[in-house]
Amino acid sequence: MQRDEIARAVEVLRAGGLVAFPTETVYGLGADASNDTAVKKIYAAKGRPRNHPLIVHLACAEAVSDWVVTFPEPARRLAARFWPGPLTLILKRRAEISDLVTGGQDTVALRVPSHRIAQALLSAFGGGIAAPSANRYGRVSATTAEHVRSELGGAVDYVVDGGACEVGIESTIVDVSGARPALLRPGTITAEQLERELGIPLAAAGAASPRAPGTLAKHYAPQTPLMLMEADLVVELAASMTRQGSRVAVLARSARRPVIPGITWVAASSDPASYAHDLYANLRALDGAGCSAILVEAPPLEPAWAAIHDRLTRAAAGSATTDAT
Ligand code: TXA
Ligand code: MG
C-alpha cells in the first residue's frame, strides 16, 4: 500500500507536479529541483516571493557533490553527525542549479531527512526534491497531512500521509559556505550540539551571511493576533480582555487553568521536545477557536527552548502587522 503511494508520488514528481510529503520536522511541498516549471508551481501554491530560496532534499550525503562546488570539512562533520536528520546546510552551489531554487544567490540549502517516507520517496525518485514547508507564505507550517490539505487544497497534486511529524518545527540551518559556520535558523539540533561537533564557536549570522528571507521577523503566524508574555501577565490580560467582552485563547505551560469564563486554554508540555511536537497543531487549534487574541506564556530562556522562542517571537511579530479584524 505505502509502496504504491511512493510510486504514485514519484510519477507526479517526474511529470512536474507537486507532492506534499512528511519529514521528521514538518511536511514539505516538493517538486523536482531540476525542473523549473515544477519549481515555479511551489511559489504559486505558497504565494511565496520568487527570491526566497528553497531547501533541496537528498536521499544521502553522497548526493551532495551533484549540487555543490566544495563540501568543506566543517560541513562534512556536521553531515556525518546529524544526517539523516533535522539539519540544513548552506553550501556554495554549482553554477547549473536553477536560480529559482537558490533565489539567485551563490549558495544552495541541502538537507537529508530521516523520515522513512521522505527517505523512501527520495531514494525512489533518485534526484533532489526542492521543498519548502507545506504552508501558505508566512503562515504556520503543517505537521499533518490534513493541515497540508487545509493550507494548500487543490494546489498540491498529491499528499503522502505519514501522520504527525515527530519533531514538529523546522530544521536547524547552518551556513557552512563561508570562513566560519554560522547559525541561520535555530532548530532542535542546538547551537551547543553543533559547536561540540565543530570544535569551534558558531559565528552569529551577520551581514556577510547568505540571505535567509524565511527567517525574517514576520513568520509562522496564525491569523489571530498572537502575544508572547510571562505567565502572570497572561492570566491578568486574559481576565481583563474577557471582562471587556473579548474571547481569549491561551497557550500556557501550566495545566492550572484560571477561572475565566469562556477562555480557550491549551496546556502545552513542559518538555521542549513535546512542546515543539505539538506547537503548530496547538497554534492552529487556538487560531480556529474564534478568539480575538492568542496569549502565549513565554517558555524558559534556556538553550533547549531557543528554537521554540524563535518561532513564537516571529509568530508574535507577524501579528503586529496583522489586521485584527
Ligand atoms: O525542516 C525544514 O527545513 C522544512 C522541511 C520541509 O525540510 N523545510 C523548510 O523550508 O522549513 P522553508 O522553505 O519553509 O524554509 C527554508 C529556509 C528559508 O528561511 C530560506 O530562506 C532558507 O531556508 N534558505 C534556503 N536556501 C537558502 C540559501 N541558499 N541561503 C540561505 N538561506 C536559505
Ligand atoms: Mg517555511
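Which side chain meets that of Glu-151 in a salt bridge? In this predicted model, the partner is Arg-284, with a distance of 3.3 Å from N to O. The structure holds 12 salt bridges, and the one between Glu-151 and Arg-284 is among them.

Let me turn to the overall layout. The protein chain is divided into domain 1, which runs over 3–204, and domain 2, which runs over 226–319. The C-alpha centres of domain 1 and domain 2 lie 29 Å apart, and, where the two meet, 21 residues of domain 1 are in contact with 13 residues of domain 2.

Next, the largest pocket, which holds about 170 Å³ of space. Helix H7, 191–198, and helix H10, 306–320, are the elements that give two or more residues to its lining. Both domains take part, for the lining draws at least three residues from each of domain 1 and domain 2. Among the lining residues are Thr-172, Leu-183, Pro-186, Ile-189 and Glu-192, together with Pro-303, Ala-306 and Ala-307.

As for its setting, Pro-84 is placed in the loop between helix H3, 73–82, and strand S4, 87–92.

Finally, a word on confidence. The protein chain averages a pLDDT of 93, and 93% of the residues score at least 70. Over residues 321–325, however, the pLDDT is below 50, and this stretch has 4 contacts in the model beyond near neighbours in sequence. Where pLDDT is low, the predicted coordinates should not be read in detail.

Terms used:
Residues are numbered from 1 along each chain as its sequence is written. Chains are lettered from A and ligands numbered from 1 in the order in which they are written. This is a predicted model: local features need pLDDT of at least 70, side-chain atom pairs count only at pLDDT 80 or more; totals for chains, interfaces and linings use all residues. Side-chain values use heavy atoms; hydrogens and water are left out. On a 1 Å grid over the protein atoms alone, a cavity is a set of points where a 1.4 Å probe fits but cannot get out, and a pocket is an open set with protein on both sides within 12 Å along at least five of seven lines; lining residues have an atom within 4 Å of a point. Grid points are joined across faces, edges and corners, and a volume is the space filled by probe spheres set on the points. Helices (H or I, at least four residues) and strands (E, at least two) are DSSP runs, numbered from the N terminus. Domain bounds come from an automatic or database domain assignment. pLDDT is the predictor's confidence in each residue, from 0 to 100. Contact means heavy atoms within 4.5 Å. A salt bridge is a side-chain nitrogen of Lys or Arg within 4 Å of a carboxyl oxygen of Asp or Glu.
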